[in-house]
Structures are given as C-alpha cells and as structure tokens.
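Subject: Structure for you to look at

Hello,

Please find the structure below. My notes on it follow, in plain terms.

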Amino acid sequence: MSLAVELRDVSFAYPHGPAVLRDVELAIKPDEFVGIAGPNGGGKTTLLRLILGLERPQQGSVRLLGEAPERLTKRSRIAYLAQRAQLGIEAPATVREVVTAGRTIARGPFRLLGAADRAVVDEAIRRVGLTPLTTRPLSRLSGGQQQRAFIAKALAGEPEVLVLDEPTAGVDVEAQAALAELLEKLHEELGTTILYVSHEFGAVEPYVDRLVLVSGTIVFDGPPSELPAPWHDPSHVHS
Ligand SMILES: Nc1ncnc2c1ncn2[C@@H]1O[C@H](COP(=O)(O)OP(=O)(O)OP(=O)(O)O)[C@@H](O)[C@H]1O
Ligand SMILES: [Mg+2]
C-alpha cells in the first residue's frame with residue numbers, strides 16, 4: 001500500500017527564524033486516523049503546512065499521495081480546514097450554498113452541477129448532522145455547527161485526505177470530543193485518511209488509531225494507549 005503522507009528527515013525554519021521542526025520522520029497510511037497534539041507553538045500547524053506543500057522544508061523530503069505536495073495535480077484529493085477558517089461567516093450564505101461551493105470547487109469552475117452532485121451535497125450535510133439546518137445562514141449557526149458546515153463543504157469534494165487544524169478559541173473539550181467522534185465515523189464509513197490537530201489529546205485519544213505529539217519534533221508517535229504517563233493530564237482522561 002502506498003503512503004498517504006511521508007516525511008523523511010524534515011527540518012524547517014521560517015525565514016530568519018529559529019528551527020521550528022527538526023528531524024521529522026512521519027509515514028501515514030491511507031487507512032489511518034491520526035490525532036496530532038502538542039503545546040502552543042510546538043509546530044503542529046507548520047507540520048500540516050509542510051504536508052500540504054504550503055511551506056517547503058530546508059532539509060528532507062515530503063510526499064503527499066506519492067507526489068511532491070506542491071505539484072499534486074488534483075488538489076481536490078486533499079481537503080484542508082485551516083485553524084482560522086472562520087472567514088466569511090458574516091456572509092448570508094446558507095449551509096447548502098456553502099457545501100455546494102465545496103462541490104463546485106472540486107468539480108472545477110466550468111462544469112455545471114447535476115443531480116448526482118446535488119446528491120453528494122445532501123449526503124455531506126447529512127453526514128455532519130446538519131440536514132435540519134440546510135437552509136439556515138451560517139451566521140445563525142453555533143460555532144460547532146459552523147465547523148460542521150465547513151467539514152461538509154470539504155466532504156462535498158470527496159477528498160481522499162482530510163486535514164483539520166482545530167481552532168483553539170471557543171472550542172471546549174466536549175466539542176472537540178464530539179468532532180473527533182464524527183471524524184472517526186467518516187473515517188470508518190468513507191475510508192478517508194484523516195489528520196486532526198486537536199489542542200486536547202485527551203479529547204481525541206478515545207477515537208484515533210494513532211497519536212502524534214509535536215513539540216519541535218515528533219516526541220511521541222503511537223497508539224494512545226502507549227502514551228507515557230507524564231503526558232497524561234488526569235483532568236482529560238476519558239473513562
Ligand atoms: N508565518 C510565520 N512566520 C514566522 N514564524 C512563525 C510563523 N508561523 C508560526 N511561526 C512560529 O513557528 C512556531 C510553530 O508555530 P505553529 O503555528 O506551527 O505552532 P502550533 O503547534 O500550531 O501552535 P498552536 O497550538 O498555538 O496552534 C512558533 O514559534 C511560531 O511563533
Ligand atoms: Mg496551530
């Protein structure tokens with residue numbers, strides 16, 4: 001099986017800055033659901049940006065679906081929800097309009113959407129549990145519902161790899177756990193590779209196959225059950 005993501009000996013610094021990531025080795029198979037956690041400033045977002053080809057490492061190599069990420073020919077194979085994706089939320093667009101836009105982007109601008117595309121859109125909305133709110137403007141949804149609408153938008157492109165960077169602001173542990181649960185279901189039902197940055201590994205632990213802790217490099221990579229005791233914060237352990 002070829003790898004969904006492969007980083008070999010990757011080191012990276014922003015221009016004129018200190019090293020942010022050093023000696024990163026990471027291989028993710030297409031059938032994995034990987035949780036990524038670590039302290040603020042540890043390099044989680046930077047790691048995602050390297051994987052997506054939005055930054056280039058000074059050292060080492062990155063492969064995404066077997067290609068150099070910046071040269072990946074069909075971008076819609078990948079969906080990325082950035083940490084600060086709350087753009088356009090003041091716009092009057094409804095859930096269906098936002099999710100349809102996701103389908104249009106994936107199909108390319110010169111193709112009219114047909115009945116099959118509309119079915120994909122409806123299915124994406126159903127999967128995230130927003131069917132009753134299909135015609136509601138995003139500006140009148142809760143933060144968690146807006147996040148689900150953006151996930152549906154991503155799903156409407158039928159990506160092979162879904163990359164999510166959890167926003168820190170306004171996301172409580174319960175909401176993060178609910179999102180992890182939703183993603184686990186998508187992963188099982190659709191077989192999508194998922195990389196999910198969460199700021200509370202306690203919230204993702206029960207759902208992911210694999211946990212990667214990032215703090216300047218990868219300091220832990222394995223099943224959550226093998227996480228060394230010092231990393232566990234008792235207040236976040238789920239029974
Ligand atoms: N565009 C940038 N230019 C220069 N330095 C940056 C830039 N983005 C991030 N950094 C620095 O790189 C380091 C890693 O940042 P990064 O955003 O990857 O961390 P993070 O683990 O995602 O943190 P958080 O949990 O706060 O989201 C930090 O020291 C940060 O200040
Ligand atoms: Mg970040």
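The model is a predicted one.

**The sheet**

The place to begin is an open sheet of 6 strands, in the order S5-S6-S7-S3-S8-S9, with mixed pairing. Strand S5 (78–81) and strand S9 (218–222) are its edges; each has a single partner strand, so one side of each has no neighbour in the sheet. From one strand to the next, the twist averages 10°.

Going through the sheet in order, S5 pairs with S6 in the parallel sense over 4 bridges. Within that pair, Ile78 has Val161 in S6 as its bridge partner. S6 and S7 also run parallel and are joined by 5 bridges. Ala37 stands opposite Leu213 in S8.

Two helices pack on this sheet. Helix H1 (residues 44–51) touches S3, strand S6 (161–165), strand S7 (193–197) and S8, and its direction makes about 155° with that of S6. Helix H5 (residues 173–190) touches S3 and S7, and its direction makes about 165° with that of S7.

Leu211 stands opposite Gly222 in S9. These two strands form a hairpin with 3 residues between them, and Gly216 in this hairpin takes a positive phi near 80°.

Is S6 buried or exposed? It is mostly covered, as 5 of its 5 residues are buried. Both of its faces are covered: Val161, Val163 and Asp165 are buried on one side, and Leu162 and Leu164 are buried on the other.

In soluble globular proteins, nonpolar side chains tend to be buried together. In this model, the largest nonpolar core has 63 residues, and the residues with the most contacts inside it are Ile36, Ile51, Val99, Ala124, Ala152, Val163 and Tyr196. Helix H4 (residues 143–155) gives the most to this core, with 6 residues.

Take Ile51 from that list. Not counting residues up to four places away in sequence, Ile51 touches Val5, Val62, Leu64, Pro69 and Val163.

**Val121**

Val121 is part of helix H3 (residues 115–127). Why is Val121 classed as buried? The cut-off for buried is 20 or more other C-beta atoms within 10 Å, and Val121 is buried because it has 26. Apart from neighbours within four places in sequence, Val121 is in contact with Arg96, Val99, Thr100, Arg103 and Ala156. Val121 and Leu155 are 34 residues apart in sequence, and their C-alpha atoms are 8.3 Å apart in space.

**Ligand 1**

Which residues come nearest to ligand 1? Of the 13 residues around the ligand, they are Tyr14, Asn40, Lys44, Thr45 and Thr46. Sorted by class, the shell has 2 nonpolar, 10 polar and 1 charged residues. H1 gives the most to the shell around ligand 1, with 3 residues.

Most residues other than glycine have a negative phi. Asp9 is not a glycine, but has a positive phi of about 55°. Asp9 lies in strand S1 (residues 5–13). A residue counts as exposed if 12 or fewer other C-beta atoms lie within 10 Å of its own; Asp9 has 12, so Asp9 is exposed.

His16 is the other case: its phi is positive, about 65°, although His16 is not a glycine. His16 is located in the loop between S1 and strand S2 (19–28). With 5 other C-beta atoms within 10 Å, His16 is exposed.

Regards

Methods:
Residues numbered from 1 in each chain as written. Chains lettered and ligands numbered in written order. Predicted model: local features only at pLDDT ≥ 70, side-chain atom pairs only at ≥ 80, totals over all residues. Contact = placed C-beta atoms within 7 Å. Pairing = 2+ DSSP bridges. Axes fitted to C-alpha atoms, helices over the stretch in contact; angles between N-to-C directions. Near = placed C-beta within 6 Å. Nonpolar A, V, L, I, M, F, W, Y, C, P; charged D, E, K, R; others polar. Core = buried A, V, L, I, M, F, W, Y, C linked by C-beta atoms within 7 Å.
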